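Here is a short note for a colleague who is new to this structure. Please keep the sequence and the model open while reading.

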Amino acid sequence: MSETQEQFFQVKEFAKKNAVPIIKDSSLEFIVNYIKTHNIKRILEIGSAIGYSAINFARCSDDIFVDTVEYDIERYKIAVKNILEAGLMDRITIFLGDAASFDFKDKYDLIFIDGPKAQNMKFFLKFQNNLAEGGVIITDNLSFHGMVEDRSLTHNYSTIKMVRKIARYVTFLKENPEFETEFYEIGDTISVSKKNLKPNMEMYLKETDIIDFSSKEVQKVCAQFEPFKNEPKILAEKAFYFVRDTFPCSPGHKIKELSIKASDVVKNGHGLSFAKAHLYAAILRNFKIPAGFCYQILRSGNEEKESDDGRKRHGHKKIHFFPHGFNAVYFESLKKWVRLDASAAPGGKQTVFVLNDENCNNGEALCFLPDYSKYEVELPLNFTNPFNSLIECMKKCQDKNEFFKHQNDLSESIRAFYQSSSTISDQ
């Protein structure tokens, strides 16, 4: 046994005896092969543990450099010792602390997420901009010993919560149109996510049962924009104000119809914010203008708490949330996505059509700006289709008033998709 093999054996034995989680042999072999076959030179690792994987990565070639972060101080000390004994302190830089608190300026060919599993999404979102062109983000342990697929394997509440978050992260990877992700049933399941440099715009042009632009109702609306079909920005602006001003966003409770499809908004003459987003997208997609869907979870102004006898008492806080939807539109002439909110929702700002206004927040004029201190959130994706759980909930409700009763639970469901750290729903 060579000196290198002896060290690896000792590190593995230490991990086994001290219950330190390190990468499985099959997963390590997969990543090492990926490093060698894809000319990987710069690596960022989230979760050093005792340095085992970082050492293996650096051993692939003498010109590979690894930055790695470990939160646990005892493991950090052992990792430093192992890296030093491996003679790799010149090519492996290990940091102590929460990875979420670090801001790396470098670009990496490979980012390996192997830290606290409940924070996978947080790390992905934080470090995705550190990817070099053609780089990948690899995540390990996505099955978590089979518990993600079979929740009955655990009855420990904290483990159940973590498994749920891993499952949400897997959904996030599958739904994220900005990355192409492949999953490999190797070890405890590995994902390889590569930045989609040329997003498939066809995904944002599709007709669906919700975005039904071929329906007679939507076609009748589209006819008025036909003269502008060769001028996307003008067409998008006119359609924006048409949707904003023609269809009230949240009519009084006496109007019970719940608009879901784009055609429903036209037939009923109104629609909640996400339904109006369906109509706006349908008009744009009809004219081959790519349109996606964005969501916020916002805090309701009505806060109340039920007394022990079930009666409502004012002045006692019970937090309620509601989902809000709007669009992202791609303009080929600008080579960028622009978020546009045609809802004109009560309580929100009167939105305007802007493509880039330095006087608006981030060049945008949205109805609402989430207050994260109040647990409001904004989903970090431009979805190709309306959010599935939202549509399922709307379809199950007979009218708008019934849907309102589900808004809080639905908001927490949507928030759960986004959140990777503990939230109000976990407390």
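In what order do the strands of the open sheet of 7 strands lie?

1. The order is β3-β2-β1-β4-β5-β7-β6, and the pairing is mixed. Strands pair here if DSSP finds at least two bridges between them. Strands (E, at least two residues) and helices (H or I, at least four) are DSSP runs, numbered from the N terminus. The edges are β3 (92–96) and β6 (179–184), each pairing on one side only. On average, neighbouring strands of this sheet are turned by 15° against each other, direction ignored.

2. A word on the source. This is a predicted model, where local features need pLDDT of at least 70 and side-chain atom pairs count only at pLDDT 80 or more, while totals for chains, interfaces and linings use all residues. Residues are numbered from 1 along each chain as its sequence is written, and side-chain values use heavy atoms, with hydrogens and water left out.

3. Look next at the middle of the sheet. Strands β4 (residues 108–113) and β5 (residues 131–139) run parallel and are joined by 5 bridges. Y108 stands opposite L131 of β5. Helix α4 packs on the sheet and touches β2 (65–70) and β3. The direction of α4 makes about 165° with that of β3. Helix α5 (residues 120–127) also packs on the sheet, touching β1 (42–46), β4, β5, β6 and β7 (190–195). Its direction makes about 165° with that of β4. Contact means heavy atoms within 4.5 Å. Axes are lines fitted to C-alpha atoms, for helices over the stretch in contact, and angles run from 0 to 180 degrees between N-to-C directions.

4. Is S191 buried or exposed? S191 is buried, with a relative accessible area of 0%. Buried means under 20% relative accessible area, exposed over 50%, and partly exposed in between (1.4 Å probe, protein chains only). S191 belongs to strand β7. Not counting residues up to four places away in sequence, S191 touches I137, I138, T139, L142, L173, T181, E182 and F183.

5. There is also an open sheet of 4 strands, in the order β12-β11-β8-β13, with antiparallel pairing. β12 and β13 each have a single partner strand, so one side of each is left without a neighbour in the sheet. β11 (residues 321–331) and β12 pair over 5 bridges, in the antiparallel sense. N327 has L340 of β12 as its bridge partner. Helix α10 packs on this sheet, touching β8 (291–299), β11 and β12. The direction of α10 makes about 15° with that of β11.

6. Which residues have the most contacts inside the largest nonpolar core? They are Y280, I283, L390 and F403, in a core of 76 residues. Helix α10 (residues 273–286) gives the most to this core, with 9 residues. Leaving aside neighbours within four places in sequence, Y280 is in contact with A236, A239, F240, V243, N327, V329, L340 and F353. Another core lies apart, with 35 residues, including A49, Y52, I64 and I138. A nonpolar core is a set of buried Ala, Val, Leu, Ile, Met, Phe, Trp, Tyr and Cys residues joined through side-chain atoms within 4.5 Å.

7. Now the charged pairs. The count is 14 salt bridges, each a side-chain nitrogen of Lys or Arg within 4 Å of a carboxyl oxygen of Asp or Glu. K81 and E85 form one of them, at 3.0 Å from N to O. Both lie in helix α4 (residues 73–85), 4 residues apart, about one turn of the helix. K81 is partly exposed at 46%, and E85 is partly exposed at 47%. K335 and E332 meet at 2.1 Å, N to O. K335 is exposed, at 55%, while E332 is partly exposed, at 48%.

8. Elsewhere, salt bridges that share partners join R42, D67 and D106 into one network.

9. Last, the cysteines. The structure holds 0 disulfides, a disulfide being a pair of cysteine sulfur atoms within 2.5 Å. For C393, the closest cysteine sulfur is that of C397, 4.4 Å away and too far for a bond. C393 is buried, at 14%. C60 is buried too, at 18%.
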